[in-house]
Amino acid sequence: MKIAVIGGGVGAYAAAADLTDKGHEVSLWRRNAEALRASGTITLKDADGERPVKIACTSPDIGEAMRGVELLFLPDPAFTQLDNARRIAPQLADGQIVFLAPGTFGSWIMAQGVKADVAFAETGTLPWLTRKHGPTTTAITARATRLPTGVYPARARERALGVIRKAFPSIEPVEDALSAALMNAGPIIHPPLILMNAGPLEHFEKWDIHKEGTQPSIRRVTDALDAERIAARVALGYRAPHFPLADHYRTDGDEWMYGRRVHKKLTDSKDWRERIVLTEHRYMREDVEHGLAFLVSVCEWAGVPCPVARGLLALGSAVVGKDLRRAGRTLESLNLSSLSKEQLKARLQ
């Protein structure tokens, strides 16, 4: 299948390399791709070793990258979505599918004003645990085994999921794009880890929030925060499985998005021992400012108590020096908060 990968972050490089390695014809667009364009090759490192992967097309011309593709894959952070929506909208063609991973309800944002007959989908996490090991080298620690995925408009679900499944066979259908947005793992796992580890993050040159930073008290906060997310899903009538984050840390029971026992692989890789600047890192800009603000707005709109989410959002606001409940991505900022649950569900169809 012909796939366009739009973006220049760690997810985009993993996508371009892994999808090519699996036999797809991939076009990669990013604004600055000089290091990659010289050879057109990404070095892929995973459990099978290290190997060069030749990408079919690497281009700074987004129209060239999108031409004739069935699937557009956008794995860059939520704060890039509005700019990317403006870039791709004039180039979209009837029948194409746009897939965001994760979405943070970006499927709704990307669809606004699009004239072509296009479906937008999003899932709860990036399909890989991955980091870059240099300008053109991507390391994949694990691949997702279950990807809860929703489509906007929901009436296009079967067509969209049929296309996405060719590239990502691990997708699992959920009701609609809001259901998928409320599967987003980033706003649950990352805000407690960065805010409750703020001291060591600012003291040490590098710190692994997933190893030294994941302690019992923080896990209890994560579980309480996740319970608020699940309560919001239940209040809106969304069905289980809700993919509780606790399953990520378990060695038995229900399989989470990356399968079982993957947390140890993540920490053993040492790729997440890194420098995190709290005011700049995507864990704050994407997962707090966009994802957590969105979750709080949904909970409040649905009448679901969310004291942990609201508290963490207030802490994040203090760290960055602005009110993220007002400035972040919310149902209010998307002009959806005046709708009833029934009206929003109908709009999502």
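Author: A residue is buried under 20% relative accessible area, exposed over 50%, and partly exposed in between (1.4 Å probe, protein chains only). The model is predicted, so local features need pLDDT of at least 70 and side-chain atom pairs pLDDT 80 or more, while totals for chains, interfaces and linings use all residues. Residues are numbered from 1 along each chain as its sequence is written, and side-chain values use heavy atoms, without hydrogens and water.

A search of the whole structure gives three cavities of 30 Å³ or more. A cavity is a set of points on a 1 Å grid over the protein atoms alone where a 1.4 Å probe fits but cannot get out; lining residues have an atom within 4 Å of a point. The volume is the space filled by probe spheres on the points, which are joined across faces, edges and corners.

The largest cavity holds about 80 Å³ of space. Its lining consists of T104, A181, L182, N184, P187, I188, R229, G291, F294 and L295. Two helices, α8 (186-195) and α14 (287-302), each supply at least two of the lining residues; helices (H or I, at least four residues) and strands (E, at least two) are DSSP runs numbered from the N terminus. The largest share, three residues, comes from α14. By class, six lining residues are nonpolar, three polar and one charged, where Ala, Val, Leu, Ile, Met, Phe, Trp, Tyr, Cys and Pro are nonpolar, Asp, Glu, Lys and Arg charged, and the others, Gly among them, polar.

The second largest cavity has a volume of about 50 Å³. M183, N184, A185, I188, D226, R229, H242, F243, L245, W256 and M257 line the second largest cavity. Its lining divides into seven nonpolar, two polar and two charged residues.

The term means a side-chain nitrogen of Lys or Arg within 4 Å of a carboxyl oxygen of Asp or Glu. D226 and R229 are three residues apart in helix α10, so about one helical turn separates them. Both D226 and R229 are buried.

In total the structure holds 25 salt bridges. One of them joins R159 and D117 at 3.6 Å, N to O. R159 is in helix α6 (residues 157-167) and D117 in the loop between α5 and β8 (119-123), so this pair ties together parts 42 residues apart in sequence. R159 is partly exposed at 35% relative accessibility, as is D117 at 45%.

Another salt bridge pairs E172 with R146 at 2.7 Å, N to O. It links strand β12 (residues 171-173), where E172 sits, to the loop between β10 (137-143) and β11 (147-152), where R146 sits, 26 residues apart. E172 is partly exposed at 24%, whereas R146 is buried at 18%. A network of salt bridges connects D18, D21, K22, D46, R51 and R143.

Turning to the backbone, the peptide bond from A240 to P241 is cis, with omega near 5°. P241 belongs to the loop between α10 (216-235) and α11 (246-249). The bond from A101 to P102 is also cis, with omega near -10°, and P102 is in the loop between β7 (97-100) and α5 (106-111).

Definitions and conventions:
1 Å grid on protein atoms, 1.4 Å probe; cavity = no way out; pocket = protein on both sides within 12 Å on 5 of 7 lines; lining within 4 Å.
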